[in-house]
Amino acid sequence: MKKIVLSGMRPTGALHLGHIAGALRNWIKLQDKYECYYSIVSWHALSSEYKNSKVIKNYIFELAVDWLSAGLDPEKSVIFLQSEVKEHAELHLLLSMIIPLPWLERVPTFKEMQKQLPDKELNTYGFLGYPVLQTADIIIYKANYVPVGEDQVYHIELAREIVRRFNRFFGKVFPEPEVLLTEVPRLAGTDGRKMSKSYNNAIYIGDPPSVIEEKIKPMVTDTRRKRRSDPGEPNDCPVFTLHKAFTPEEKINELAQACRKASIGCLDCKKVIIDELIEEFAPLREKRNELLKNPKIVWDILEEGNKKARKKAQQTMEEVRKAIGF
Ligand code: TRP
Ligand code: SF4
């Protein structure tokens, strides 16, 4: 029996290089070893975007397109939409009966996000319950592993505590999920800050070659290299973060040395990563364009996934209701 993996992403816009080099590459690898469930967590998006709910559907579509183009394979994994598997909501409700309020009030992101994003008015019942819904997402498939970045570790720890409490009250229904920590390389965006959609400095998988070139050419580099003859330190260079994530190993070492000896100019060095990205993303872009032209294919794939996810979730819920005594 294969172990079970579940992870999810909120549909909040197109995927950029940071997502590819971090989560996606890892998820794609896991597909061959585990029974994988990958969920577009539409209700989680709603918990913070409820004032702008109409955009979510389009983000769902974009995220599905990006996942499929990047190599998530519906033949290998269950790729599905959280809000189409209503059993998650039932389990969320049942869990909410047994979770002491302080467990949720002390989740660091709960207060932090409210402070950071006052306009979103995140002082809601739903937002407080965000980690409960996340727990339901995971345990309804009896997932053993949850591949996530550092920022989600607290949520998974909480999921484990919730599982222990549930199993103690009602009998052992759920395994405790474990984190599969994803190394997320810190990619710099075009302005040298961390690559992020909200900084408007990201390179997207859908970017055509000309845009990739336009974005990378003017990027800041190590400030020591004022002149072509000044040696630099690649580890202090934003462009080099892209090399580390996408350029083949041997080539990286060669570039690093050349940078330190000033035997290569920054433009030449940028040309290498531009060509690398254009080449590596060519098949992806092609797949993406094909899917964008045929939205029905994308929605059909999701519907197939929803059906498979539903089947498993329904089985679990039968057990849960029985365990509780209903
Ligand atoms: N909270 C996660 C994030 O913001 C998204 C998420 C929802 C998730 N449900 C999940 C991740 C279940 C892993 C497993 O990235
Ligand atoms: Fe950065 Fe490359 Fe220029 Fe060195 S040569 S500073 S790594 S762009």
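## Residue classes and the model

Ala, Val, Leu, Ile, Met, Phe, Trp, Tyr, Cys and Pro count as nonpolar, Asp, Glu, Lys and Arg as charged, and the others, Gly among them, as polar. This is a predicted model, in which local features need pLDDT of at least 70 and side-chain atom pairs pLDDT 80 or more, while totals for chains, interfaces and linings use all residues. Residues are numbered from 1 along each chain as its sequence is written, chains are lettered from A and ligands numbered from 1 in the order in which they are written, and side-chain values use heavy atoms, with hydrogens and water left out.

## Around ligand 1

Polar side-chain atoms reach nitrogen atoms of the ligand. For Tyr130 the distance is 2.8 Å. For Gln134 it is 3.0 Å, and an N or O atom in the side chain of Gln152 is also 3.0 Å from a ligand nitrogen. Taken alone, ligand 1 exposes 370 Å², and the protein buries 91% of that (areas by the Shrake-Rupley method with a 1.4 Å probe; for residues, only the protein chains shown count as cover).

Helices (H or I, at least four residues) and strands (E, at least two) are DSSP runs, numbered from the N terminus.

## H2 against H8

Two packed helices are described by the angle between their axes and the distance between the axes. Axes are lines fitted to C-alpha atoms, for helices over the stretch in contact, and angles run from 0 to 180 degrees between N-to-C directions. Helix H2 (residues 42-49) packs on H8 at about 175 degrees, with axes 10 Å apart. That makes H2 roughly antiparallel to H8 (under 35 degrees is roughly parallel, over 145 roughly antiparallel, 65 to 115 roughly perpendicular, the rest oblique).

Trp43, His44 and Ser47 of H2 meet Tyr130, Leu133, Gln134 and Asp137 of H8. Contact means heavy atoms within 4.5 Å. The contact holds three nonpolar, three polar and one charged residues.

## H3 against H14

Helix H3 (residues 56-70) and helix H14 (residues 295-324) pack at about 85 degrees, with axes 10 Å apart. H3 and H14 are therefore roughly perpendicular. Among the residues in contact are Phe61 of H3 and Trp299 of H14. This contact has ten nonpolar, no polar and one charged residues.

## Lysine 142

Lys142 sits in the loop between H8 and S4. Lys142 touches Ile4, Val173, Pro175, Thr316 and Glu319, not counting residues up to four places away in sequence. A polar contact of 2.8 Å joins the side chains of Lys142 and Glu319. Such a contact is a pair of N or O atoms within 3.5 Å; within protein, one must be able to donate a hydrogen and the other to accept it, and residues adjacent in sequence count only if both atoms are side-chain atoms.
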